[in-house]
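User: I am new to this structure and would like to learn how to read it. Could we take it feature by feature?

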Amino acid sequence: MSFVPGQPVTAVVQRVEIQKLCQGENLILGFSIGGGIDQDPGQNPFSEDKSDKGIYVTRITPGGPAESAGLKMGDKIMQVNGWDMTMVTHDQARKKLTKKREDVVRLLITRKSLEEAVKHSKGSHPSHLPAQTNARTTKDRVVL
Amino acid sequence: MLSPMVMEEGDEVLQVLEVGEAVEEVKEVIISTIEEEIRRSSPLNSKTSQDDNWGETTTAITGTSEHSLSQEDIVRITKDLEDSVGLDCRRYVARYVARSIAVILGLLVFFTPLAFLVLPHILWPEKLQSCETACEGLLISVAFKLLILLLAVWALFFRPARAGLPRAFVFRILLAVLVLLFVISYWLFYSVRILDSQDMNYQGIVQYAVSLVDALLFIHYLAVVLLELRQLQPCFSVCVTRATDGETRHYNLGQLSIQRAALAIIERYYCDFPIHNPALLSASKSRAAKHLAGLKVYNVDGPGNNASAGMAQSQSRAMIAAAARRRDTSHNELYYEEAEHERRVRKRRARLVVAVEEAFTHIKRMQEEEPKKAPGDVMDPREAAQAIFPSMARALQKYLRTTKQQHCHSMESIQQHLAFCITNNLTPKAFLESYLSPGPTLQYGKDHWLGRRWTLISEASVTSGLKDGSIFLLKCVDFSLVVTSKKIPYVQMSEEYIDPKSHKFVLRLQSETSV
């Protein structure tokens with residue numbers, strides 16, 4: 001997941017679609033984010049490379065829409081509805097996620113286990129693909 | 001120190017006469033007596049006898065020089081030799097000659113300007129021009145400069161000698177030769193140009209004398225730089241290790257000759273190193289002896305078969321191999337022995353501290369305002385010390401015995417120290433300080449350090465300068481100091497300027513937002 005500035009980033013990503021839940025006046029997604037280019041990357045417990053300033057999922061509300069969509073703690077969010085999340089400030093990321101007009105949020109997230117699963121599947125059987133969950137997860141290689 | 005009770009009948013013991021060799025190098029005169037003494041006192045020496053039955057006879061070489069008795073013998077013999085004429089004679093004569101030459105040179109140098117000024121008046125008074133104002137001014141300056149020169153020479157050279165060094169002091173000789181040549185050349189010029197031609201210009205003569213005194217002052221300045229200033233800047237770091245127990249100190253010295261460096265080190269040795277205590281070394285020697293004691297070496301081929309060197313080599317190799325294979329538990333014994341000793345010392349120390357504190361509470365200083373007590377009650381410090389000494393004497397003696405320091409302190413010296421502490425209002429802790437840990441050699445009575453002769457053993461010439469990696473030994477009767485020197489590295493320093501306004505800080509942010 002580490003990258004060299006200026007070079008294209010290659011990662012194995014998973015598409016997660018979350019429906020926003022209506023809670024009174026607010027639309028919530030049920031998770032918390034941390035990170036951003038204006039934050040201190042060394043304190044991020046989930047990143048492998050401690051200079052990674054991307055947006056990470058730090059907490060998932062149990063029973064919330066994010067949990068049922070298959071989002072896990074420690075995931076790095078690469079895109080939100082097409083908007084890039086690898087080089088944004090914390091506030092920009094929050095804004096992209098909490099747009100009042102949208103009630104669906106399509107995330108591209110990456111995590112370490114995805115890479116390993118792909119390597120595993122490549123190594124053991126070229127055509128073997130992992131089973132699909134009910135939240136429409138597909139594994140793609142995304143070049144950003 | 002091996003007692004015969006430990007060995008069984010028929011056991012052979014081969015011990016190494018290690019200290020005998022060490023004594024050899026110190027003084028030629030002493031060697032023969034001590035070695036002969038040891039040879040005489042020990043029974044059959046198995047190494048030298050060619051007896052066929054040497055395998056069966058019980059031999060025991062007592063190669064013990066740690067007996068306090070034999071140490072005293074050595075010191076006594078050394079002192080006897082010092083009293084008699086013997087070795088000192090040559091050195092004393094040399095010193096006397098050097099001193100007399102220096103005095104003669106000094107007198108010559110001092111009276112030369114005066115002679116220059118006075119001789120024209122004696123030899124051709126009628127032809128001489130009278131002394132005018134400028135000339136008189138110069139005479140006054142000559143007088144004062146001579147006075148300053150006298151004081152300066154007295155300050156620099158007329159100091160009590162610190163030590164007798166093996167070789168002459170090179171710089172002093174150089175300076176003496178320089179002064180001599182200088183004065184001789186001035187006299188030559190004077191005698192040829194002024195005395196022979198009987199110069200009438202007295203002012204010129206006075207100026208000549210003034211120039212001589214000026215030059216002498218400059219030579220004195222040169223002497224100060226060469227003798228005193230040059231060695232002040234530290235150039236070498238020397239590491240001084242005492243051979244017997246490994247005490248090490250490091251000192252910084254300037255550019256000195258090896259003998260002067262040795263002198264500086266010895267003077268610092270007396271202040272810094274704790275006193276040499278031979279009683280503490282006996283444990284390791286007995287352990288070493290025990291290692292060799294358990295092995296028997298049989299000569300299967302019979303005596304006189306090979307060359308003696310080959311036989312000795314194979315013997316020692318066999319012993320080393322056997323010792324390596326043997327399972328040695330002496331480390332265990334050492335560990336428990338040391339732990340036990342530590343415990344004992346601490347217990348005795350606690351008893352001692354309590355006893356001394358209690359003893360000190362028995363006396364107090366008499367105030368002047370108190371009504372005068374009977375003369376029997378009022379004591380001077382010595383009597384007071386004697387009064388409270390018995391209550392702490394036993395605890396102190398036991399502690400000194402446990403830490404093997406009892407030969408360093410006599411009862412008289414302890415009482416004296418106690419009187420000193422009482423007089424100066426020292427606390428019991430301050431009184432005990434000199435007994436709880438071994439102090440520098442000078443702290444103890446004079447018989448511990450008076451009459452010390454040091455031998456400088458060096459491969460390089462002792463008047464050559466100290467160099468990086470030079471090694472020399474300073475041998476005393478009981479021990480030796482090994483000195484190695486290293487050059488202090490050249491330091492290349494660069495500067496970095498920090499603008500005081502450049503100290504700026506930011507907060508480390510780590511926010512978490514729930515969406």
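**Salt bridges and the contact between chains**

Analyst: At 43% relative accessibility, B:Arg382 counts as partly exposed. The model is a predicted one. B:Glu412 is partly exposed as well, with a relative accessible area of 41%.

User: Which kind of contact do the side chains of B:Arg382 and B:Glu412 make?

Analyst: Side chains of opposite charge can pair when their charged atoms come close. Here B:Arg382 and B:Glu412 form a salt bridge, at 3.6 Å from N to O.

User: Which residues are joined into one network by salt bridges that share partners?

Analyst: A:Glu48, A:Lys112 and A:Glu116 are joined in this way. A:Glu48 is in the loop between E4 and strand E5 (55-60) of chain A, while A:Lys112 is in helix H3 (residues 112-124) of chain A, 64 residues apart. A:Glu48 is partly exposed at 48% relative accessibility, and A:Lys112 is partly exposed at 37%.

User: Now the two chains. How much area do chain B and chain A bury between them?

Analyst: The size of an interface is often given as the accessible area lost when the parts come together. For chain B and chain A the buried area is about 1200 Å², with 46% of it on carbon and sulfur atoms. Three residues, B:Gln510, B:Thr513 and B:Val515, supply 55% of the area that chain B buries against chain A, more than any other three residues. The contact involves 18 residues from chain A and eight residues from chain B.

User: What polar and charged contacts are found between chain B and chain A?

Analyst: There are two salt bridges between chain B and chain A. Among them is the one between A:Asp40 and B:Arg508, at 2.8 Å from N to O. The side of chain B that touches chain A is made of two nonpolar, four polar and two charged residues. Across the interface, 11 residue pairs are in polar contact.

User: Which strands of chain A and chain B are joined by bridges?

Analyst: Strand E4 (residues 31-35) of chain A and strand E6 (residues 512-514) of chain B run antiparallel and are joined by three bridges. In this pairing, A:Gly34 stands opposite B:Glu512.

User: And within chain B, what does E4(B) pair with?

Analyst: In a regular strand the side chains alternate between the two faces of the sheet. Strand E4 (residues 471-475) of chain B pairs in the antiparallel sense with strand E3 (residues 455-458) of chain B over four bridges, where B:Leu456 is opposite B:Leu474. E4(B) also pairs with strand E5 (residues 480-487) of chain B, again antiparallel, over five bridges. There B:Val482 is the bridge partner of B:Leu473. A hairpin of four residues joins E4(B) to E5(B).

Technical notes. Residues are numbered from 1 along each chain as its sequence is written. Chains are lettered from A and ligands numbered from 1 in the order in which they are written. This is a predicted model: local features need pLDDT of at least 70, side-chain atom pairs count only at pLDDT 80 or more; totals for chains, interfaces and linings use all residues. Side-chain values use heavy atoms; hydrogens and water are left out. Contact means heavy atoms within 4.5 Å. Buried area is the accessible area (1.4 Å probe) that two parts lose on being put together, summed over both. A salt bridge is a side-chain nitrogen of Lys or Arg within 4 Å of a carboxyl oxygen of Asp or Glu. A polar contact is a pair of N or O atoms within 3.5 Å; within protein, one must be able to donate a hydrogen and the other to accept it, and residues adjacent in sequence count only if both atoms are side-chain atoms. Ala, Val, Leu, Ile, Met, Phe, Trp, Tyr, Cys and Pro count as nonpolar, Asp, Glu, Lys and Arg as charged, and the others, Gly among them, as polar. Two strands pair if DSSP finds at least two bridges between them. Helices (H or I, at least four residues) and strands (E, at least two) are DSSP runs, numbered from the N terminus. Buried means under 20% relative accessible area, exposed over 50%, partly exposed in between (1.4 Å probe, protein chains only).
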